[in-house]
Amino acid sequence: MTQPASIKLHQHDALLIVDVQNDFLPGGSLAVAGAEAIISVLNRYIDFFTSLSLPVFASRDWHPLHHCSFFDRGGPWPVHCVAGTSGAEFSSLLKLPQQLFVISKATGENQDAYSAFEGTNLANLLRQHGVERLFVGGLATDYCVLHTVQDALKHGFAVILFVDAVAAVNVAAGDGDRAIDAMTSAGAVALHAGEVIP
Ligand code: VGL
Ligand code: ZN
C-alpha cells in the first residue's frame, strides 16, 4: 500500500510528544544525538494541533533517585530524569501549549517503562478525549517512542509517526532505523515534515 503524500488533521486526532526532557538533550546525562533538531519541528506540530483545538499530550520519564534502570542498581542507564530535577523538565525550547496533558511514567523505584501507556492512564485519557488517531514524535526513537507506538497500536489507536521529529540513542548502529521499520511494520504510518496539513 502506498502511503499518503499528505494527511489532513481532523477531529479525533491528538499529538503525543514523548520525553522531550533536558536529560535527553545536549548537556543532559543521557543526551540523544540530534535531539535538539526535532524541537522546532515539534513546535510547528504543536501549533497545528492547538490552532485546531486538538489535544496535546506529553509524556515524561519521571524516575525516583534510586531507579532500577540506573547503573548503580544494575540497570542499563546513567541517572536520568529524576523527578523534580532540571534534567527531568521538558526542554524550555519546546513551546508547549497552556492546555497540556502530562503523562509521568516509570515513577516507581522498581518499575521501568519505556511506553507512555505502561502503568499510566494514557489509554483511558485518550479515549475520554475521543482520540482515534495519535501523532507521535519525541525521544528516543529506539526506546520510548518505539514502545509507546507499539502499545498505541495494541490499544487500537491509529498511529502516525513524525519521522523528522524523533531521534535515536543508537546503542548499536542502526537501532533507530530498525525501530522505525518495526513501527511501520506494526501498522504505524511514517510521515515527514511538510506532509501534514492543519
Ligand atoms: C528512555 C532510556 C531510558 C527514552 C528512557 O525516553 O527513550 N530511554 N529511559
Ligand atoms: Zn528512563
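In this predicted model, the cover over the buried residues of helix α1 includes the strands β2 (13-18), β3, β5 (133-139), β6 (158-167) and β8 (196-197). Helix α1 spans residues 37-51. Its buried residues are I38, I39, V41, L42, N43, Y45, I46, F48 and F49. In an α-helix there are 3.6 residues a turn, so positions three or four places apart point the same way. After α1 comes S53. The phi angle of S53 is positive, near 60°.

The loop between β2 and α1 contains G28. The relative accessibility of G28 is 19%, so this residue counts as buried, the cut-off being under 20%. Leaving aside residues up to four places away in sequence, G28 touches N22 and D23. G28 and E89 are 61 residues apart in sequence. In space, their C-alpha atoms are 11 Å apart.

The zinc ion (ligand 2) is coordinated by three residues of the chain, D61, H63 and H80. D61 contributes OD, while H63 and H80 each contribute NE2. Along the chain, the donors follow the spacing D-x1-H-x16-H. Both H63 and H80 lie in the loop between β3 (56-61) and β4 (101-105), so the pair ties together parts that are 17 residues apart in sequence. H63 has a relative accessible area of 1% and is therefore buried. H80, at 3% relative accessibility, counts as buried too.

The geometry of the site is irregular, because the 4 donor atoms around the zinc ion (ligand 2) subtend angles of 86 to 173°. For four tetrahedral donors, the ideal angle is 109.5 degrees.

Rolling a probe the size of a water molecule over the atoms shows where empty space is left. The structure holds 1 cavity of 30 Å³ or more. The largest cavity has a volume of about 140 Å³. Its lining comprises 17 residues. Closest to the cavity centre are F24, D61, W77, Y114 and C144. By class, the lining of the largest cavity has 11 nonpolar residues, 3 polar residues and 3 charged residues.

Conventions:
Residues are numbered from 1 along each chain as its sequence is written. Chains are lettered from A and ligands numbered from 1 in the order in which they are written. This is a predicted model: local features need pLDDT of at least 70, side-chain atom pairs count only at pLDDT 80 or more; totals for chains, interfaces and linings use all residues. Side-chain values use heavy atoms; hydrogens and water are left out. On a 1 Å grid over the protein atoms alone, a cavity is a set of points where a 1.4 Å probe fits but cannot get out, and a pocket is an open set with protein on both sides within 12 Å along at least five of seven lines; lining residues have an atom within 4 Å of a point. Grid points are joined across faces, edges and corners, and a volume is the space filled by probe spheres set on the points. Ala, Val, Leu, Ile, Met, Phe, Trp, Tyr, Cys and Pro count as nonpolar, Asp, Glu, Lys and Arg as charged, and the others, Gly among them, as polar. Donors are N, O and S atoms within 2.8 Å of the metal (3.2 Å for Na, K and Ca); water is not among the atoms, so sites may look incomplete. Four donors count as tetrahedral if all angles lie between 85 and 135 degrees; four count as square planar and six as octahedral if opposite donors are over 155 degrees apart and all others between 65 and 115; anything else is irregular. Helices (H or I, at least four residues) and strands (E, at least two) are DSSP runs, numbered from the N terminus. Buried means under 20% relative accessible area, exposed over 50%, partly exposed in between (1.4 Å probe, protein chains only). Contact means heavy atoms within 4.5 Å.
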